[in-house]
Amino acid sequence: MVWRTQSASPSGSTSCLRVKGAMKLFLDDRRDAPEGWTLVRDPEEVIRLLLSETVEEASLDHDLGRGVMTGYDVLRVLEDEVYRVMDFKVPKIRVHSSNPSGRARMELAVKAIITRAELNRLRLNFIRTEGGCLCPICGKEHRQHPVDDEMPFLHILCDGTRVKL
């Protein structure tokens with residue numbers, strides 16, 4: 001990874017310009033970032049970077065100080081984006097909070113984000129066909145193949161391709 005660091009903000013975070021590779025963000029108000037991670041103290045900066053889809057991985061703390069958004073709030077914004085943008089690229093998300101209830105809420109939010117992103121991926125991964133089209137593997141008509149459990153308007157061909165008639 002190659003980064004070019006710019007000036008530090010009053011909150012202590014640094015703005016980094018991505019030159020090469022994908023960013024690993026560490027959101028925390030007290031801990032230092034592990035080696036290879038970019039420390040960000042401001043949750044709004046983390047949101048901006050997450051929405052830019054340049055983040056490969058993010059590790060989030062829950063409690064970020066009084067009167068400031070929490071790590072859970074960051075995940076709520078990310079979840080809204082995953083619902084809004086079908087092909088949003090979700091980074092790997094870790095939770096490193098020592099607050100047990102905050103950690104549990106955040107872990108549930110991460111699961112919801114991953115589940116929605118996977119459903120979005122499945123929804124985007126199908127082709128339209130007409131009646132009478134044949135499967136290239138078995139030769140049966142598309143409509144004779146099993147229906148997708150999650151999206152019953154799609155049929156799953158022998159090679160895993162999802163088709164909508």
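Asp148 and Arg162 are both buried, where buried means under 20% relative accessible area, exposed over 50% and partly exposed in between (1.4 Å probe, protein chains only). The two form a salt bridge with closest N and O atoms 2.7 Å apart, a salt bridge being a side-chain nitrogen of Lys or Arg within 4 Å of a carboxyl oxygen of Asp or Glu. The model is predicted: local features need pLDDT of at least 70 and side-chain atom pairs count only at pLDDT 80 or more, while totals for chains, interfaces and linings use all residues. Residues are numbered from 1 along each chain as its sequence is written, and side-chain values use heavy atoms, leaving out hydrogens and water.

The structure holds twelve salt bridges. One of them joins Glu57 and Arg94 at 2.5 Å, N to O. Glu57 counts as buried because its relative accessibility is 6%, whereas Arg94, at 38%, counts as partly exposed. Another pairs Glu107 with Arg103 at 3.2 Å between the closest N and O atoms. Glu107 is partly exposed, with a relative accessible area of 36%, and Arg103 is also partly exposed, at 28%.

Turning to the nonpolar side chains, the largest nonpolar core has 25 residues. Such a core is a set of buried Ala, Val, Leu, Ile, Met, Phe, Trp, Tyr and Cys residues joined through side-chain atoms within 4.5 Å. Leu25, Val46, Leu60 and Leu75 have the most contacts inside this core. Beyond its neighbours within four places in sequence, Val46 is in contact (heavy atoms within 4.5 Å) with Leu25, Leu27, Val40, Leu60 and Val74.
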